[in-house]
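Me: I would like to learn how to read the packing of a protein model, one feature at a time. Could you take me through the one shown here?

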Amino acid sequence: MAAASSRWQRMAAACFVLAALAMWRARGVRRALVSSWVVGRGCRRSMSNASSSSSSASDEFLAPHNQARSPVGLAPLRWSGDLAPPAARTTSQQQGGQGRRCGFADMSGSPYGANQGWASYPARPAEVVASWVAQGRYYAHANNSCAPGQQCGTYTQVVWRRTAEVGCAQATCTTGATLTICLYNPHGNVQGQSPY
């Protein structure tokens with residue numbers, strides 16, 4: 001178990017930094033920073049509709065979000081039946097269509113905040129959210145900044161004070177990789193503002 005966790009952390013850290021830097025350079029700063037994790041190829045059109053099929057799936061997404069919010073004094077997020085369907089549609093759209101290979105969605109036009117994650121294997125929702133929350137170790141609340149060379153945007157979206165609800169979905173790729181998208185309302189990561 002420890003070896004698998006260590007392997008996951010090394011993969012997540014290396015791939016997250018590379019993909020996040022590429023996205024940052026390609027699209028600049030957005031109010032809803034979209035981040036990534038491990039990139040895979042070749043997705044099929046089947047979706048594990050974790051976003052709306054059961055309360056246990058929503059609990060798997062909600063619990064790690066709320067565990068991250070509690071220590072900084074924030075109210076728990078609610079599961080949104082309004083956000084889960086667009087998250088599910090987006091993961092489905094990223095699986096199909098011309099040239100799409102379970103890639104990241106362009107969320108720049110969305111009214112919602114968004115976190116996206118990739119795992120090169122069938123990742124559980126809690127595991128993906130934990131990878132976003134793990135960025136918190138690089139965030140300095142005292143000066144609202146991130147350690148040099150690190151990314152904190154997925155963490156700050158999870159702990160954004162004004163955000164009240166979340167809806168998420170996952171897609172499984174033909175390679176076995178997992179695409180996860182969570183949408184947040186109201187959005188976070190407003191430039192110049194502290195998350196809490």
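Reply: Let us begin with a pair of helices, where the crossing of α2 and α4 is right-handed, a crossing being called left-handed if the near helix is turned anticlockwise from the far one by less than a right angle, and right-handed if clockwise. Before going on, note that this is a predicted model, in which local features need pLDDT of at least 70 and side-chain atom pairs count only at pLDDT 80 or more, while totals for chains, interfaces and linings use all residues. Residues are numbered from 1 along each chain as its sequence is written, and side-chain values use heavy atoms, with hydrogens and water left out.

Me: What are the distance and the angle between the axes of α2 and α4?

Reply: Two packed helices are described by the angle between their axes and the distance between the axes. Here the axes of α2 and α4 come within 8 Å and cross at roughly 25°, the axes being lines fitted to C-alpha atoms, for helices over the stretch in contact, with angles that run from 0 to 180 degrees between N-to-C directions. The two helices are therefore roughly parallel to each other; angles under 35 degrees count as roughly parallel, over 145 as roughly antiparallel, 65 to 115 as roughly perpendicular and the rest as oblique.

Me: Which residues of α2 and α4 meet?

Reply: Contact means heavy atoms within 4.5 Å, and E60, F61, P64, H65 and A68 in α2 meet P125, A126, V129, W132 and V133 in α4.

Me: How many helices and strands does the protein chain have?

Reply: Helices (H or I, at least four residues) and strands (E, at least two) are DSSP runs, numbered from the N terminus. The protein chain has five helices and six strands, arranged from the N terminus on as α-α-β-α-β-α-β-β-α-β-β.

Me: What is the strand order in the open sheet of four strands?

Reply: Two strands pair if DSSP finds at least two bridges between them. The order is β1-β5-β6-β2, with mixed pairing, and the edge strands, each pairing on one side only, are β1 (78-79) and β2 (113-119). Two bridges join β1 to β5, which run parallel, and W79 stands opposite V166 in β5. Helix α3 (residues 84-95) packs on this sheet by touching β1, β5 and β6, and its direction makes about 25° with that of β5.

Me: Are the residues of β2 buried or exposed?

Reply: Buried means under 20% relative accessible area, exposed over 50%, and partly exposed in between (1.4 Å probe, protein chains only). Seven of the seven residues of β2 are buried, so this strand is largely enclosed by the rest of the structure. G113, N115, G117 and A119 point one way from β2, whereas A114, Q116 and W118 point the other way. By contrast, G149, in the loop between β4 (145-146) and α5, counts as exposed because its relative accessibility is 61%.

Me: Which residues touch the most other members of the largest nonpolar core?

Reply: A nonpolar core is a set of buried Ala, Val, Leu, Ile, Met, Phe, Trp, Tyr and Cys residues joined through side-chain atoms within 4.5 Å. The largest has 21 residues, of which W132, V158, V159, V166, C182, Y184 and Y196 touch the most other members. Two or more residues come from each of α2 (55-69), α4 (125-133), α5 (153-158), β5 (165-172) and β6 (178-185). A second, separate core of 15 residues includes C102, A114, W118 and L179.
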